[in-house]
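Please consider the model shown below, together with its sequence. The paragraphs that follow lead through its side-chain contacts, its helix packing and its backbone.

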Amino acid sequence: MSNIVVITGASSGFGALTARALADTGNAVYAGMRQTTTRNAPQVEAVADYSAQHGVDLRSIELDVNSQVSVDAAITRVIAEHGRIDVLIHNAGHMVTGPAEAFTPEQLAELYEVNVLSTQRVNRAALPHMRAAGKGLVIWVSSSSVKGGTPPYLAPYFAAKAGMDSLAVSYAAELARWGVETSIVVPGSFTSGTNHFAHSGHPADAAIEAEYETKYPDLMDQVAQKLAALAPEGADASLVSDEIARIVALPAGQRPYRVHIDPANDGSEEVSNVADRVRSEFLTRVGLDDLLAAHREAPGEIAAQCMNA
């Protein structure tokens, strides 16, 4: 039986590639994106064309992660059409580049809206259905910047992704007894195949940015060039979408808690291995080691628990 998959931020980059990869492997995929009748209308058409040409079940859905009303409407539609959500993928995100001081607090808040708060909106809409079913998989698309090498001029983005990753870690334990699995996918710096750098935001305080330019001239260009040089030949963003498709295809109970796709090897995997080991050891020490893996219970038992909660 195919999975019913909802993925956010699927108009381009990792999201669009992942939606197609999952549809290609027999899943019914809802590619969430905003402004489906205006700015992203060409992407909606591309999704429909791909579905028709390849004979797969891939469809776009209006899903603005910054709007609870939009999120609720999207999840309601999926449930109405299929009665369930098997896989939820948190992929929506936005990057900004520039000296941290030059960004206003309001800009940081906007960045956290997209990268962090969006996951909470979607979770609150989708998780009740997954918990009631007593099964499911939540995939979080994190970033190697959370624990790996962190070049300057990307601080707001790095901080937001770290916040999202921390949520994922806590959610993993809190969903385990409901039978819902968690996989945290950690891409490295892919400078081709995504629009992260091309569509990145910039500081609002041009005066502060100009002051930093006197000490760090053309720093962001240097960082981008160095990151591109670190990536081996053939390191394409499809490596990430292929890995997500592999995880989804694994039997329940065999999905990895965290995987890295980091051709440049910025050290994130090494640090994450330590952090995840410490988490496992600590939960064991406090007698909560059952939270390290999702439980499998009969759907009727889970539904009763949800009704009595």
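How does Arg277 count by relative accessibility: buried, partly exposed or exposed? Arg277 counts as partly exposed, at 43% relative accessibility; the class lies between buried, under 20% relative accessible area, and exposed, over 50%, with a 1.4 Å probe and protein chains only. The model is a predicted one, in which local features need pLDDT of at least 70 and side-chain atom pairs count only at pLDDT 80 or more, while totals for chains, interfaces and linings use all residues. Residues are numbered from 1 along each chain as its sequence is written, and side-chain values use heavy atoms, with hydrogens and water left out.

Helices (H or I, at least four residues) and strands (E, at least two) are DSSP runs, numbered from the N terminus. Glu281 is partly exposed, with a relative accessible area of 40%.

The structure holds 12 salt bridges. One of them joins Arg177 to Asp290, whose closest N and O atoms are 2.8 Å apart. Arg177 belongs to the loop between helix 5 and strand 6 (181-187), and Asp290 to the loop between helix 9 (268-285) and helix 10 (299-308), so this pair ties together parts that are 113 residues apart in sequence. Both ends are partly accessible: Arg177 is partly exposed with a relative accessible area of 42%, and Asp290 counts as partly exposed at 25%.

Glu181 and Arg255 form another salt bridge, with 2.6 Å between the closest N and O atoms. Because Glu181 lies in strand 6 and Arg255 in the loop between helix 8 (238-249) and strand 7 (258-261), the pair ties together parts that are 74 residues apart in sequence. Glu181 and Arg255 are both buried. Elsewhere, a network of salt bridges links Asp57, Arg59, Arg77 and Glu81.

The aromatic contacts come next. A pair of aromatic rings is described by the distance of the centres and the angle of the planes. Rings of Phe, Tyr and Trp (its six-membered ring) pair if their centres lie within 6.5 Å; planes under 30 degrees apart count as stacked, over 60 as edge-to-face and the rest as tilted. By this rule there are 4 aromatic pairs. Among them is the tilted pair of Trp140 and Tyr171, with 5.7 Å from centre to centre and 35 degrees between the planes. Trp140 is part of strand 5 (residues 137-141) and Tyr171 of helix 5 (residues 155-176), so the contact ties together parts that are 31 residues apart in sequence. Trp140 and Tyr171 are both buried.

Tyr153 and Tyr216 form a tilted pair as well, at 6.1 Å centre to centre and 50 degrees between the planes. Tyr153 lies in the loop between strand 5 and helix 5, and Tyr216 in the loop between helix 6 (206-215) and helix 7 (219-230), so the pair ties together parts that are 63 residues apart in sequence. Tyr153 counts as buried at 10% relative accessibility, whereas Tyr216 counts as partly exposed at 41%. Tyr153, Tyr212 and Tyr216 form one aromatic cluster.

Turning to helix packing, helix 1 (residues 13-24) and helix 8 pack at an angle of about 40 degrees, with their axes 8 Å apart. Axes are lines fitted to C-alpha atoms, for helices over the stretch in contact, and angles run from 0 to 180 degrees between N-to-C directions.

Most residues other than glycine have a negative phi. Tyr153, which is not a glycine, has a positive phi of about 75 degrees. Gln35 likewise has a positive phi, near 50 degrees. Gln35 is found in the loop between strand 2 (28-33) and helix 2 (41-54), and counts as partly exposed at 33% relative accessibility.

Definitions and conventions: A salt bridge is a side-chain nitrogen of Lys or Arg within 4 Å of a carboxyl oxygen of Asp or Glu.
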